[in-house]
Amino acid sequence: MSIEKIDIEEMGNFFNLRADGYEDHMKNTVKSFDKYYELISHPMKYTKERISILDLGCGTGLEIEYILKKAPNAEITCIDLSKGMLNILEKKYKDNKNQINIINESYLEYPFNKCKYDYIFSVMTMHHFLYDEKLNLYKKIKQSLKTNGMYIEGDYVVDEEHEEFCLERREALLKDIKYDKSKIYHIDIPFSFKTQKKLFKEAGFNDFNMVFSQGEHQIYTVK
Ligand SMILES: C[S@@+](CC[C@H](N)C(=O)[O-])C[C@H]1O[C@@H](n2cnc3c(N)ncnc32)[C@H](O)[C@@H]1O
């Protein structure tokens with residue numbers, strides 16, 4: 001296996017350093033960028049109610065614009081490790097500050113309230129975590145959704161061969177640094193659908209639905 005040498009950076013620092021150019025980078029990287037972010041909120045029912053929404057790894061809030069179109073009065077809790085990304089989100093949504101709670105923490109550690117949310121989102125953020133980390137998180141998500149609540153995930157999904165390659169690559173990259181297990185590093189380890197579906201089932205979700213699939217960019221819902 002030939003591994004391209006890259007500097008391993010801590011997740012928060014990685015996005016702090018790139019926050020200013022982040023949205024342009026995404027516009028150039030995500031195929032059908034506008035359609036993709038618009039479709040993120042497609043599974044939501046339009047409502048003027050003050051429903052509760054949690055956005056994990058919200059970044060600069062690209063998806064929030066579309067979530068607000070479907071639920072203009074929603075109370076949205078936005079969690080992200082990167083202060084730089086959150087500062088941009090805060091400025092962009094200053095007119096909505098009475099409905100947006102910003103939390104600068106890791107969603108892996110942060111406790112979520114049980115049975116609280118109508119929708120939980122994560123967009124382009126879950127492809128950094130190992131099986132067990134994701135399983136714990138998906139169980140936490142399941143518990144914090146209301147009975148009819150829905151989890152909507154947009155992320156990279158790859159074939160099984162590529163999944164294996166990324167996991168091996170991660171091991172090889174971490175061997176080269178003084179790996180501190182208490183830290184979160186930015187290394188891409190996207191999973192295959194087979195693994196994602198196994199994870200959702202194990203976390204207690206039954207109903208899987210594909211919303212959008214183009215190359216490695218996918219959007220799916222689970223209940
Ligand atoms: C590629 S950006 C996606 C941002 C936004 N959701 C979007 O689609 O534009 C990934 C974001 O996830 C955040 N992130 C990664 N791991 C995290 C964690 N454990 N807890 C909170 N945020 C995390 C990063 O700081 C970054 O802002």
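Okay, Asp-80: with a relative accessible area of 9% this residue is buried, where buried means under 20% relative accessible area, exposed over 50%, and partly exposed in between, using a 1.4 Å probe and protein chains only. Asp-80 sits in the loop between β2 (75-79) and α5 (83-92); helices (H or I, at least four residues) and strands (E, at least two) are DSSP runs, numbered from the N terminus. From Asp-80 to Ile-102 you go 22 residues in sequence, and the C-alpha to C-alpha distance is 8.1 Å.

Quick caveats. This is a predicted model, so to speak of local features we need pLDDT of at least 70, and side-chain atom pairs count only at pLDDT 80 or more, while totals for chains, interfaces and linings use all residues. Residues are numbered from 1 along each chain as its sequence is written, and side-chain values use heavy atoms, with hydrogens and water left out.

On to salt bridges, meaning a side-chain nitrogen of Lys or Arg within 4 Å of a carboxyl oxygen of Asp or Glu. How many does the structure hold? Nine. One of them pairs Lys-92 with Glu-23, at 2.6 Å, N to O. Lys-92 is in helix α5 and Glu-23 in helix α2 (residues 22-29), so this pair ties together parts 69 residues apart in sequence. Lys-92 is partly exposed at 37%, whereas Glu-23, at 19% relative accessibility, counts as buried.

Arg-18 and Glu-9 make another bridge, at 3.0 Å, and Arg-18 is partly exposed at 34%. Then there's Glu-171 with Arg-170, at 3.4 Å. Here Glu-171 is partly exposed at 48% and Arg-170 is buried at 11%. Bridges with shared partners also join Glu-10, Asp-180 and Lys-183 into one network.

Next, helix α8, residues 193-202. Its buried residues are Thr-195, Gln-196, Leu-199 and Phe-200.

Glu-216 is in the loop between β6 (208-214) and β7 (217-222), and is partly exposed at 41%.
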